[in-house]
Each structure stands twice: as C-alpha cells, then as structure tokens.
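I opened a new page for this structure. These are my entries, in the order in which I looked things up.

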Amino acid sequence: MDFIILIIGFFLLIKGADIFVDGASSIAKKIGIPSVIVGLTIVSLGTSAPELAVSLISSFNGNNGIAVGNVLGSNLFNTLVVLGGTAIVAPLLIKKSTIKRDYIATLVVTILTCFLIFGLVPKSENMLSRISGIILLVVCIAYMFILVKAAKKDSVKDEENTSEIKMSKNILLSLIGVVGIVFGGNLVVDSATNIAYALGMSEKLVGLTIVAVGTSLPELVTSIVAALKGENDIALGNVLGSNIFNLVLILGASATISPITVSGVMLIDFIILIAVTLFIGALIFFNKKEDKRLGRLEGIILVGIYVAYLAYIIMRN
C-alpha cells in the first residue's frame, strides 16, 4: 500500500509543480512583475509551506528543538541538490545583475542567523531567543518590502502577449498547484518513511535522509519544472527565496513563539552552509560575462558536495 501512496504522492508533487509554475509565470507576465520576483516570493513561500507548517506546530507544542537543524538541512539541500540537480537536468542561464541583490541577502541573512544563535563565543548549548526571532521577522518584512518596491520599479507590461491571460484562472491554478505540491510532498515523506522502516533502516538515518529530502521535494521539483519550461529566473529565485524565508520567517516565527535551544555542534553546519553559499557566488560572479551558464558539470559538483556532507553527518551522528 505504501508503494501505491508513494507513486500517488510523486504524481501530485510533479503535477502540482507543473500547474503552479504555469500559473505563477502567467500572473507575473500579466502584472508585469519580473519572474525572479515571483520565484523569490510566491514560489519560494509556496514550496516552503511544509517546513513552515511543521515548525509552527512544533513551536506551539513547545517542541521546536529540531527547527534549526531542519532549516539548515533544507537550505543545504536547496543550494546543493535543488540548484545542482536543476542544472544537471536543464542547464541554467543566470543573469548576474538580476540575482546579485538576492544572493547578497541570502549570504547576509545566513551570517546574521548564525550570529544571533552563537554570538561571538559559541557554547555547548546556545539559544535563538524570542528577541532574536523578532529581529528575524523584522528582517523578513523589510526584505518583502524591498522585493515589492523592486517589482513596481521593474514592472513592464507587454499588452500584446498578456491580453488573453485570465488572472482569476491563473490564481486558482497556482493555489491548486500549491495544494498538490504540499499534499504530494507529505504523502511521499510518510510513505517513504514507512517503507524505510520496513526495510530495517534506523530512525536516525531515515530522519537525515528521507525526511530531510522529502520536505525539500517541493523546491526540487518546482525548480526543475521551471527550468525545463525556460523559466530560469523562477528556478533560481525559488532556491534563494526559500533559503531566505527558511531562516527569517520559519526560524523567526518559531523562536518568537518558543525560544529554540541549539547544540554547539550546529555551528559546523552553519559554517558549511556559509562556505557553500560563497562557493555558489564564486561560480556565478567570478567571470566577466553578464550571463553565467550553470551547466551540468557544476551541477554534478554541487550534488557531489551534498553527498559528502550527508556522509559526514551520518558518521557524526
């Protein structure tokens, strides 16, 4: 039965992503909002819905100790596997001027979150306090304001191509797509976990692999589908936006509801995430051309780094 549910989950996930990308890109075209802004906001918030729901419910129950680990794991998966896997399937043509602001925001927010948790002198047990959570939420609101302002500034309509686009229809399609992505993702995680336990995998290994990957499946599938449809800005914006919102919105809201205790060993994971983010920046920005092609070789390297990281955390734990 779990295998049937797994197949249904993957179908809903892939079909939901397909419908969502079509709807979101049509809305962007109709309004005149650049696709990268849609990827950074609507798409990234939609694909981060599973993580947000789980973290908020855990916080209300006073059991959000794994929130930081989940966000770190999700961001590493997004940066290495979602971006790398997308580049392998459909190489990405990245406009440096388009993503420079949001790449810098991703790096700054990651460093800020690390500092708020560990301070200048990390301890064996550290705390993301309620005040720190509020700071992250303020950063989230400020970032959203900047995105909306940029969208208005860059808004350019093409009446010839958008006259037949129906807003209500595409909004409905986008909502249906989000439901498919979230519901399908949950089915995949639950059924795959049951299958793994039946095969004798340990709870720790299931948590580090299937569950961690499963909660990021919406980002992976949505980015690949977007890239295959030629919506490179949505694919990249989804990764950057998801990473930012995972930190400032999910951790911010979770810590505001209930302060989070963080193990000192998590500092290593933060350092790895910062190093990986810097590596992505080097791949994109360290060349003279305005457009950077993130090809299959770079994608394979990124996925390879994630496999090495996964091996490290399995041995560490």
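Entry 1, cysteines. I started with C114, which counts as buried because its relative accessibility is 11%, under the 20% cut-off. C140 is buried too, with a relative accessible area of 7%. I then looked for disulfides and the count came to 0. I note that the model is a predicted one.

I counted 13 helices and 4 strands. Of the 317 residues, 49% count as buried. I put the accessible surface at about 14,700 Å², and 70% of that belongs to carbon and sulfur atoms. I also looked at contacts with a separation of 6 or more: residues 24 or more positions apart account for 88% of them.

I searched the whole structure and found 6 aromatic pairs. I took F118 and F270 to begin with: their ring centres are 5.9 Å apart and their planes stand at 80°, so I logged the pair as edge-to-face. This pair links distant parts of the chain, with F118 in helix α5 (residues 96-118) and F270 in helix α12 (residues 266-285), 152 residues apart. F118 is buried at a relative accessible area of 3%, and F270 is buried at 0%.

I went on to Y143 and F245. Their ring centres lie 6.0 Å apart with the planes at 65°, so this pair is edge-to-face. It also links distant parts of the chain: Y143 sits in helix α6 (residues 130-154) and F245 in helix α11 (residues 232-257), 102 residues apart. Y143 is buried, with a relative accessible area of 7%, and F245 is buried, with 1%. I noted one aromatic cluster as well, formed by F77, Y306, Y309 and Y312.

I found 12 residues in α10 (residues 217-228), and its span from first C-alpha to last is 16 Å, close to the 16 Å expected at 1.5 Å a residue. How many of its residues are buried? I counted 11 of the 12, so the helix is mostly covered. Among the buried ones are L217, P218, E219 and L220. Just after α10, I saw that G230 takes a positive phi of about 85°.

N126 stands opposite V262 in β3. Strand β3 (residues 260-263) has I260 and V262 on its covered face, while T261 and S263 make up the uncovered one.

Conventions. Residues numbered from 1 in each chain as written. Predicted model: local features only at pLDDT ≥ 70, side-chain atom pairs only at ≥ 80, totals over all residues. Heavy atoms only, no water. Buried < 20%, exposed > 50% of the residue type's maximum accessible area, 1.4 Å probe, protein only. Helix = DSSP H or I, 4+ residues; strand = E, 2+ residues; numbered from the N terminus. Pairing = 2+ DSSP bridges. Expected span 1.5 Å × (residues − 1). Contact = heavy atoms within 4.5 Å. Areas by Shrake-Rupley, 256 points an atom, 1.4 Å probe, with all protein chains shown as cover. Disulfide = S-S within 2.5 Å. Phe/Tyr/Trp six-rings, centres within 6.5 Å; stacked < 30°, edge-to-face > 60°.
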